[in-house]
Amino acid sequence: MGMNISRNVDLAENEFLQRFVGKEHVPAYNDEFWNSFLQYHIHLPTNSQEQLSLDSRLESLCQNFISHNLSSGNFGSLINIFLLRVSELLALSDAESSIHIWQAFNALFIIRSLIKYMIETGSEYQLMQHFEALPIQSNNQPDTVATAEQVGSDGTTTAVNVDNRASIDTQAALAKLIDGTKFETFMEALVNIIVVIPVKEFTYHLHLEAVNTLIVLLSVSQFSQNGTEKSIIFRTIYKCQHANTLTSALLHFLARMAQVPATMFGFGSGGSFVFGIAESLWSLLTFSRKQPDILTAHDLPTAFKDHYPLANQSLLLILILTNHHTTKDNPYRASLFGCGDSQEESLKDETASFKIDFCSLYNTLCRIVTIDQATLLLYLLLHRNQRFYRYVMAQQNLQQLVIPILQTLYNAPDSTSHHIYMSLIVLLILSEDDNFNKSVHQIMLKNITWYTERSITEISLGGLLILVVIRTIQYNMLKMRDKYLHTNCLAALANMSGQFRSLHPYVAQRLVSLFETLAKKHARLDQQLKQTDMNGDPVSNAVAVAIAPGSTSDDMDLSVLEEVLRMVLEILNSCLSHQLVYCPNLVYTLLYKRNVFEAFRSHSAFQDIIQNIDMVVGFFSSRLVRVQDQRGELGVNEVLEVISKGASQWSSDRLRKFPDLKFKYVEEDAPEEFFIPYVWTLVCKAGCVHFSSESIKGVTTELSC
């Protein structure tokens, strides 16, 4: 402190900190103290270990603060210094605001650290007590008058007399002086930093600290057993009149993805602050100059957090604000779902909550969609914002968005079940659009190196999508065994099936092999049930397969398995009914694997749809027999030639009509039960603020802090 670099080890002995947390009141007008107190450099904690180290060294200081602040009121003085600096910043030019930015950041970092400590160790009521506590200055004489100093947001002070006959009377009088306005004023200052002050290199960390402070304040929901309905913090934040502008600013921070400056406030350790600021007066345009693509790093989540912390924290704050109060009036949720495209000139949409460049937002999400929290935001936008959904569906470069999502699913063992689930739901929502289902088969890809199951030199995006979804189904059968995951996988394939075109031979093989794998599992389970019945034991559809190596009692039950088998048959039938002429490789595979359907021809649950497949197989089999009688044994290319010629003479009217397969994602009731723990898990795991994992509630085991 005092123009020196703070070393954590020296914090407990620092004279300014000792005075701040001590019994003596330091008034807001004591410029000498506050100017010295707030002139320090600090290296912000970047991981849990560094945060734990800082917290441990602050422990005794925080305890002294809790013991003395209700009477010293020094927290209130610090808040007023912060409010004063922010109010001055809004009126000053860049050249004039340098010291104010530095001191505002330093004040806010101390405030945020104390708020975090009080939230993690106490209650929201105690936090509000310290927030609103006014200094009590007593001469310790019986039947005298104590003076309470009330400091306004402009730094002026007002003396208030308090009857000090007894300590209990003093505390009662102190409680009456707490009117709750200071916290609201503090909140307004945070919002002003985010939405009014432009992001430049020397303001970057001030913006980041404001966003982090809001995240810490909202974390009260995770450390309290009480609901957010009675929370003063939540009530204040969710009645904010600037929800549109705040949501807009946060989304812009994400879309622009400004890289963190190499130094804080334009100077390095021990450098001249004023000189550094003078060298840092660049416009936002200059600040946004092209940076090397750090996100090509192997560990994308870490690279995003370390190099783009403002974008990362803004994304997390958006998720917190929009996923709480989902069943109530939530202005942030309405704002996000109602935003429009600022580049859309042909449509004068005055109903949009705010406008943002959808191109910039889309490109950013494409870059980071393999990150858990980015997938969740993409889901919210696609599911709830029709303007953004229409924009995405109109893009010609859909592979930029879809391929990273497929990579997430392909690398399922490296992802959480939540991330896999949300990635699949995004694909399901995309597959609800017929134009998407057509265009993915028109986009050709070459040399997909991350797909290692088989070397494929060229494949359509649609074909790759089918392969990865089928692989996810098989992974789910082996590892997760989640019925809803199967449902979403098959629903996406079903939506696409009427538009399957030019399927790669390997894709056709995998589709039929999926049915074959499920059919074998069905046969084993059916045999197990029959054996159980013969032994006189109660027959149950939930009996597990126990005779196959590696099978467990968690395998799917018979009824679920039959639903999945039926769905796969419907997908095959849908393709044959609508796109047979464009899918010769699928017909070839069905001819080659015709025996896998044998056991289901007489099964009541599959009879009707098997008839269609049999009709197709029979038609092309007879043509192949005639050609073979004339030419002899046929090679693969000759068989495909026969199929292609036969397809031109095939009429789908021969097939039994089934309803078109159309599935639409519907969010379940009480979404907060899923999304709130999920969001706070991401805040703990991927955020720049590190919380006490022992106290926080609602964090799932697989994603614990």
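Modeller: A residue counts as buried when its relative accessible area is under 20%, as exposed when that area is over 50%, and as partly exposed in between, with a 1.4 Å probe and protein chains only. The structure above is a predicted model, in which local features need pLDDT of at least 70, side-chain atom pairs count only at pLDDT 80 or more, and totals for chains, interfaces and linings use all residues. Residues are numbered from 1 along each chain as its sequence is written, and side-chain values use heavy atoms, with hydrogens and water left out.

Biologist: What percentage of the residues in the protein is buried?

Modeller: Of the 705 residues in the protein, 56% are buried. The protein has 31 helices and 9 strands, where helices (H or I, at least four residues) and strands (E, at least two) are DSSP runs numbered from the N terminus. For contacts, the criterion is heavy atoms within 4.5 Å. Among contacts with a separation of 6 or more, 73% join residues 24 or more positions apart.

Biologist: Where is Asn447, and is it buried or exposed?

Modeller: Asn447 is in the loop between strand E8 (444–446) and strand E9 (458–460). Its phi is also positive, near 50°, in a residue other than glycine. Asn447 has a relative accessibility of 53%, so it counts as exposed.

Biologist: Where is the kink in helix H3 centred?

Modeller: The bend at a residue is the angle between axes fitted to the seven residues ending there and the seven starting there. In helix H3 (residues 48–72) a kink of about 50° is centred on Glu59. The buried residues of H3 are Gln51, Leu54, Leu58, Leu61, Cys62, Phe65, His68, Asn69 and Ser72. They pack against helix H1 (15–20), helix H4 (74–89), helix H5 (98–121) and helix H6 (124–132). After H3 comes Gly73, with a positive phi near 65°.

Biologist: How is a pair of packed helices described, and at what angle do H5 and helix H9 cross?

Modeller: Two packed helices are described by the angle between their axes and the distance between the axes. The axes are lines fitted to C-alpha atoms, for helices over the stretch in contact, and angles run from 0 to 180 degrees between N-to-C directions. The axes of H5 and helix H9 (residues 204–218) come within 9 Å and cross at roughly 20°. That angle is why H5 is roughly parallel to H9; angles under 35 degrees count as roughly parallel, over 145 as roughly antiparallel, 65 to 115 as roughly perpendicular, and the rest as oblique. H5 passes H9 in a left-handed crossing, that is, with the near helix turned anticlockwise from the far one by less than a right angle, whereas clockwise would be right-handed.

Biologist: Which residues of H5 and H9 make the contact?

Modeller: H5 contributes Ile101, Ala104, Phe105, Leu108, Phe109, Arg112, Ile115, Lys116 and Ile119, and H9 contributes His205, Leu206, Glu209, Ala210, Asn212, Thr213, Val216 and Leu217. These residues comprise 11 nonpolar, 3 polar and 3 charged. Ala, Val, Leu, Ile, Met, Phe, Trp, Tyr, Cys and Pro count as nonpolar, Asp, Glu, Lys and Arg as charged, and the others, Gly among them, as polar.

Biologist: At what angle do helix H18 and helix H19 cross?

Modeller: The axes of H18 (residues 358–368) and H19 (residues 372–384) cross at roughly 140° and come within 9 Å. H18 is therefore oblique to H19. The crossing of H18 past H19 is left-handed. Leu361, Leu365 and Ile368 of H18 meet Ala374, Leu377, Leu378 and Leu381 of H19. The residues of this contact are 7 nonpolar, with no polar and no charged ones.

Biologist: Where is Arg333, and with which residues is it in contact?

Modeller: Arg333 belongs to helix H17 (residues 331–337) and counts as buried because its relative accessibility is 8%. Leaving aside neighbours within four places in sequence, Arg333 is in contact with Thr322, Asn323, Thr326, Arg384 and Glu667. Ser335 also lies in helix H17 and, at 1% relative accessibility, counts as buried.
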